[in-house]
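Please keep the sequence and the model in view while reading.

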Amino acid sequence: MTGDETPGAKELREGMVVAPGAQVETGPNGWVVLTNARDVMAVAAKTKFSLPKEVRDPKNTQILQNIGSILFKVNKASRVGDDAV
């Protein structure tokens with residue numbers, strides 16, 4: 001998240017959880033890699049995004065990106081009716 005220049009901002013550390021509704025912003029020289037059980041997000045410098053307050057479908061990761069660059073590695077979840085390839 002942002003540095004000390006933003007009131008109420010917290011610096012992300014390894015092992016921390018980004019809660020629903022959280023806003024994440026990287027500084028001009030900052031970056032962060034976020035993961036969950038199956039997906040990875042590499043967030044570049046000068047990027048701002050938020051997570052929705054409510055999770056509509058736990059099988060889908062939703063990001064509301066305002067500005068900047070995010071690289072996603074999303075692993076397809078198995079769903080009933082999908083054919084194995």
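## Terms and basis

A residue is called buried when its relative accessible area is under 20%, exposed when it is over 50%, and partly exposed in between, with a 1.4 Å probe and protein chains only as cover. By that definition Phe49 is buried, because its relative accessibility is 1%.

The model is a predicted one, in which local features need pLDDT of at least 70 and side-chain atom pairs count only at pLDDT 80 or more, whereas totals for chains, interfaces and linings use all residues. Residues are numbered from 1 along each chain as its sequence is written, and side-chain values use heavy atoms, with hydrogens and water left out.

## Overall make-up

The protein contains six strands and zero helices, where helices (H or I, at least four residues) and strands (E, at least two) are DSSP runs numbered from the N terminus. Along the sequence this gives the pattern β-β-β-β-β-β.

Of the 85 residues, 21% count as buried. The protein exposes about 6,900 Å², of which carbon and sulfur atoms supply 52%; these accessible areas come from the Shrake-Rupley method with a 1.4 Å probe, and for residues only the protein chains shown count as cover. Among contacts (heavy atoms within 4.5 Å) with a separation of 6 or more, 32% are accounted for by residues 24 or more positions apart.

## The sheet S1-S4-S5

Three strands form an open antiparallel sheet in the order S1-S4-S5, two strands being taken as paired if DSSP finds at least two bridges between them. Its edge strands are S1 (23-25) and S5 (64-67), each of which pairs on one side only. The twist from one strand to the next averages 20°, with axes fitted as lines to C-alpha atoms, for helices over the stretch in contact, and angles running from 0 to 180 degrees between N-to-C directions.

S1 and S4 run antiparallel and are joined by three bridges, and Glu25 stands opposite Lys48 in S4.

## The sheet S2-S3-S6

A further set of three strands forms an open sheet in the order S2-S3-S6, again with antiparallel pairing. S2 and S6 (70-73) are at the edges with a single partner strand each, so one side of each has no neighbour in the sheet. Neighbouring strands here are turned by 15° against each other on average, direction ignored.

A hairpin of four residues joins S2 to S3, and the two strands run antiparallel with four bridges between them; Val32 stands opposite Val43 in S3. S3 also pairs with S6 in the antiparallel sense over four bridges, and there Met41 stands opposite Phe72. In a regular strand the side chains alternate between the two faces of the sheet. In S2, Val32 and Leu34 form the covered face, while Val33 and Thr35 form the uncovered one.

## The nonpolar core

The largest nonpolar core has 12 residues: Leu12, Val18, Ala22, Val24, Val32, Leu34, Met41, Val43, Phe49, Leu51, Ile63 and Ile70. Such a core is a set of buried Ala, Val, Leu, Ile, Met, Phe, Trp, Tyr and Cys residues joined through side-chain atoms within 4.5 Å. Strand S2 (32-35) and S3 each supply at least two residues of this core.

Phe49 is found in strand S4. Leaving aside neighbours within four places in sequence, its contacts include Ala22, Val24, Leu34, Met41, Val43, Ile63 and Ile70. The C-alpha atoms of Phe49 and Ile63 are separated by 6.8 Å, although the two residues are 14 residues apart along the chain.

## Two buried threonines in loops

Thr26 is found in the loop between S1 and S2 and counts as buried at 7% relative accessibility. A polar atom of its side chain lies 2.6 Å from the backbone oxygen of Ala44, and one lies 3.1 Å from the backbone nitrogen of Lys46. Both distances fall under the heading of polar contacts, defined as pairs of N or O atoms within 3.5 Å; within protein, one atom must be able to donate a hydrogen and the other to accept it, and residues adjacent in sequence count only if both atoms are side-chain atoms.

Thr47 lies in the loop between strand S3 (40-43) and strand S4 (48-50) and is buried, with a relative accessible area of 1%. Its side chain reaches the backbone nitrogen of Ser69 at 3.0 Å. Beyond four places in sequence, Thr47 touches Val24, Glu25, Thr26, Ile67, Gly68, Ser69 and Ile70, and Thr47 is in turn among the residues in contact with Thr26.
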